[in-house]
Amino acid sequence: MICKKCGHKIEENQKFCANCGAEIDFNSTDVIPENLRPLSPWAYFGLQILFSIPIVGFIFLIIFSCKKSNINRRNFARSYWCSLILVAVILVIYLLVFINVFQSINI
Ligand SMILES: [Zn+2]
């Protein structure tokens, strides 16, 4: 279990957080702090569609990569950058191969 206030790990028998001293309510359903809240599969799907929109998606991608309000969303945005770079590299390789093949046919 995790402290709602600071995200520190809490043992099952503790009544107070060892890090920040907040009282732990074991009956509370939202014990996960907002910034660590898991995203649903649909949220990931929605983000993916949002990021694929030209220009607007790119702006959101930059914002979500820096925002700390939800770590899962931030990490997903950052991993999306890796995909973008990978796609760019593959496109450049394809382009170079295509140009080489095209030139060798012409000669
Ligand atoms: Zn705490």
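Reader: Is Cys-3 buried or exposed?

Author: This is a predicted model, in which local features need pLDDT of at least 70, side-chain atom pairs count only at pLDDT 80 or more, and totals for chains, interfaces and linings use all residues. Residues are numbered from 1 along each chain as its sequence is written, and side-chain values use heavy atoms, without hydrogens and water. Buried means under 20% relative accessible area, exposed over 50% and partly exposed in between, with a 1.4 Å probe and protein chains only. Cys-3 has a relative accessible area of 1%, so the residue is buried.

Reader: How many disulfides does the structure hold?

Author: A disulfide is a covalent bond between the sulfur atoms of two cysteines. The criterion here is a pair of cysteine sulfur atoms within 2.5 Å. The number of disulfides in the structure is zero.

Reader: Which backbone oxygen lies 2.5 Å from a polar atom of the side chain of Ser-65?

Author: Ser-65 is part of helix H2, residues 56–66, where helices are DSSP runs (H or I, at least four residues) numbered from the N terminus. Its relative accessibility is 8%, so Ser-65 counts as buried. The backbone oxygen 2.5 Å from a polar atom of this side chain belongs to Leu-61.

Reader: Which residues does Ser-65 touch, not counting residues up to four places away in sequence?

Author: Contact means heavy atoms within 4.5 Å. With residues up to four places away in sequence left out, Ser-65 touches Arg-74, Ala-77, Arg-78 and Trp-81.

Reader: Does Leu-86 count as buried or exposed?

Author: Leu-86 lies in helix H3, which spans residues 71–106. Because its relative accessibility is 54%, Leu-86 counts as exposed.

Note on methods
Helix = DSSP H or I, 4+ residues; strand = E, 2+ residues; numbered from the N terminus. Polar contact = N/O pair within 3.5 Å; in protein donor to acceptor, adjacent residues only side chain to side chain.
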